[in-house]
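Please keep the sequence and the 3D view at hand while reading.

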Amino acid sequence: MLKTWLRKKGFEVDTAGNAARARKFLSGHNYNLILSDLRLPDQDGIHLLTELRKQNNQTPFIIMTSYAEIQSAVQAMKHGAGDYITKPVQPDELLKKIQENIRQKTTPAPDEPQKTKDESLQFIEGESETARQLYNYVQLVAPTQMSVLINGASGTGKEYVAHRIHELSKRAGKPFVAIDCGSIPKELAASEFFGHVKGSFTGALNDKTGAFEEANGGTLFLDEIGNLSYEVQVQLLRALQERHIRPIGSNKEIAVDIRLISATNENLTEAIKKGTFREDLYHRINEFTLHMPSLKERPEDVLLFANFFLDMANRELGRNLTGFDMEASTALQRYAWPGNLRQLKNIVKRATLLAQGEFITPKELGEEICKQTENTSESLTLHDEATEKKRILNALQQTNNNKSQAAKLLGVDRKTLYNKLKLYNIEP
């Protein structure tokens with residue numbers, strides 16, 4: 001089915017029913033991309049991926065996996081997979097991932113430094129239903145010219161969503177300029193937004209280009225817009241309405257064409273009632289609203305983000321940790337995460353630095369994370385028949401079917417694990 005669909009989209013496609021046949025194709029052809037199921041009849045897709053990377057074959061590789069096997073997909077990415085997609089496959093999502101991976105295939109010449117994205121902009125979107133709905137809305141609004149207001153608590157990834165809207169818009173080739181409204185002193189806001197000419201006020205030692213002019217043709221992102229003073233709101237509204245700005249000290253008006261994206265963790269409708277935020281500005285910036293879910297609203301995504309942040313920490317700290325043991329995984333999922341993704345990233349980075357073994361344990365996560373789950377957490381040793389099988393499968397997936405490591409994760413000896421595998425008829 002995928003082969004037929006991809007051919008209709010203009011791709012040339014070869015299919016192989018197992019890893020052995022795939023190797024024959026790969027030995028005789030150069031492909032732009034490999035799309036492989038995690039589970040193959042003769043071995044898993046990760047094994048095939050590892051072989052290719054050892055042979056210095058850097059063809060982009062996308063793993064297809066069920067939602068329950070996301071830990072294995074994360075492992076695949078650690079072995080060099082470019083991306084993964086969960087089944088049942090959404091055709092539009094798959095097409096987007098294929099195009100992105102093929103586009104990224106070109107690499108710099110050997111004497112050129114490898115360019116990487118700013119880590120602050122590296123992100124994953126998550127697999128929960130809440131995340132899917134959010135990014136469906138992002139894809140709908142991105143191609144339009146509508147002003148977008150992103151509402152959500154601190155640390156939920158609002159700036160990433162703003163970037164994503166820009167990347168998917170018709171302005172993608174133009175500038176994306178971000179301004180933190182919470183850090184701008186009231187006296188300097190007009191200069192930050194509209195610029196100034198040399199000598200226009202004390203301290204204006206040079207001409208300055210404002211954010212509106214810098215973003216001309218592209219996207220202007222105003223983070224924490226609720227922190228702007230009432231006077232600055234008036235100036236901002238005028239610029240948005242007239243689409244012209246005048247730098248401080250200049251008699252020359254500059255036409256600007258920007259798409260505005262704003263973000264706030266405040267309730268702006270309450271601010272309007274209190275008289276601290278202008279209602280006319282609110283309607284100007286809020287043609288479309290996106291709600292950023294907190295991490296506790298999307299518990300299915302916690303381990304996905306934790307592994308993503310672990311990979312980042314491994315690179316930054318020069319470590320090579322594999323993942324989280326079962327107790328640590330459970331603690332991460334049961335914690336409330338008031339600081340959202342920012343807090344999770346910091347906790348994982350600290351744990352990566354402290355970890356002594358291959359896996360992060362509750363000890364490295366810290367008392368704050370584990371204390372909350374002490375009273376509610378059940379013992380993680382194998383004892384509950386209803387959940388044992390699921391835990392065993394998760395452990396095997398996380399360790400790529402290494403039974404010794406799986407037993408260690410589950411807190412049992414290897415013999416006990418073998419007995420359980422036989423009891424539940426599990427053949428890894």
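Predicted model: local features only at pLDDT ≥ 70, side-chain atom pairs only at ≥ 80, totals over all residues.

Three strands make up an open sheet with parallel pairing, and their order is β1-β2-β3. Its edges are β1 (34–37) and β3 (83–87), each of which pairs on one side only. On average, and with direction ignored, neighbouring strands of this sheet are turned by 25° against each other.

Strand β2 (residues 61–66) runs parallel to β3, and five bridges join the two. M64 has I85 in β3 as its bridge partner.

Helix α5 (residues 91–103) lies across β1, β2 and β3, and its direction is at about 170° to β3. The loop between β3 and α5 holds V89. This residue is partly exposed, its relative accessible area being 23%. Which residues does V89 touch, leaving aside those up to four places away in sequence? They are M64 and L94. V89 and M64 are 25 residues apart in sequence, while their C-alpha atoms are 8.0 Å apart in space.

Is strand β8 (residues 219–223) mostly covered or mostly open? β8 is mostly covered, with five of its five residues buried. In a regular strand, side chains alternate between the two faces of the sheet. In β8, T219, F221 and D223 are on one side, L220 and L222 are on the other, and all of them are buried.

β8 pairs with strand β5 (residues 176–180), and the two run parallel with five bridges between them. Here F176 stands opposite T219 of β8. β8 also pairs in the parallel sense with strand β11 (residues 259–264), over four bridges. In that pairing, F221 stands opposite I261 of β11.

**Two helix contacts**

Two packed helices are described by the angle between their axes and by the distance between those axes. The table gives these values for two contacts.

| Helices | Angle between axes | Distance between axes |
|---|---|---|
| α6 (residues 129–141) and α7 (residues 158–167) | roughly 40° | within 9 Å |
| α13 (residues 302–317) and α14 (residues 326–334) | about 115° | 9 Å |

The crossing of α6 and α7 is right-handed. On the α6 side, L134, Y135, V138 and V141 take part, and they meet Y160, V161, R164 and I165 of α7. Sorted by type, the residues of this contact are seven nonpolar, no polar and one charged.

α13 likewise passes α14 in a right-handed crossing. V302, L303 and A306 of α13 make the contact together with S329, L332 and Q333 of α14. The residues of the contact of α13 with α14 are four nonpolar, two polar and no charged.

**Aromatic pairs**

How many aromatic pairs does the model contain? The count comes to nine aromatic pairs. One of them is formed by Y137 and F288, which are edge-to-face, with 6.3 Å centre to centre and 75° between the planes. Y137 belongs to helix α6 and F288 to strand β12 (residues 288–291), so this pair ties together parts that are 151 residues apart in sequence. Are the two partners buried or partly exposed? Y137 is partly exposed, with a relative accessible area of 37%, and F288 is partly exposed too, at 23%.

F194 and F212 form another aromatic pair, which is tilted: the centres are 5.5 Å apart and the planes are at 40°. This pair links distant parts of the chain, as F194 lies in helix α8 (residues 189–194) and F212 in helix α9 (residues 211–214), 18 residues apart. Why does F194 count as buried? Its relative accessibility is 8%, and buried means under 20%. F212 is buried as well, with a relative accessible area of 1%. Together with F193, the residues F194 and F212 form one aromatic cluster.

Technical notes: Residues numbered from 1 in each chain as written. Heavy atoms only, no water. Axes fitted to C-alpha atoms, helices over the stretch in contact; angles between N-to-C directions. Left-handed = near helix turned anticlockwise from the far one by under 90°. Contact = heavy atoms within 4.5 Å. Nonpolar A, V, L, I, M, F, W, Y, C, P; charged D, E, K, R; others polar. Buried < 20%, exposed > 50% of the residue type's maximum accessible area, 1.4 Å probe, protein only. Pairing = 2+ DSSP bridges. Phe/Tyr/Trp six-rings, centres within 6.5 Å; stacked < 30°, edge-to-face > 60°.
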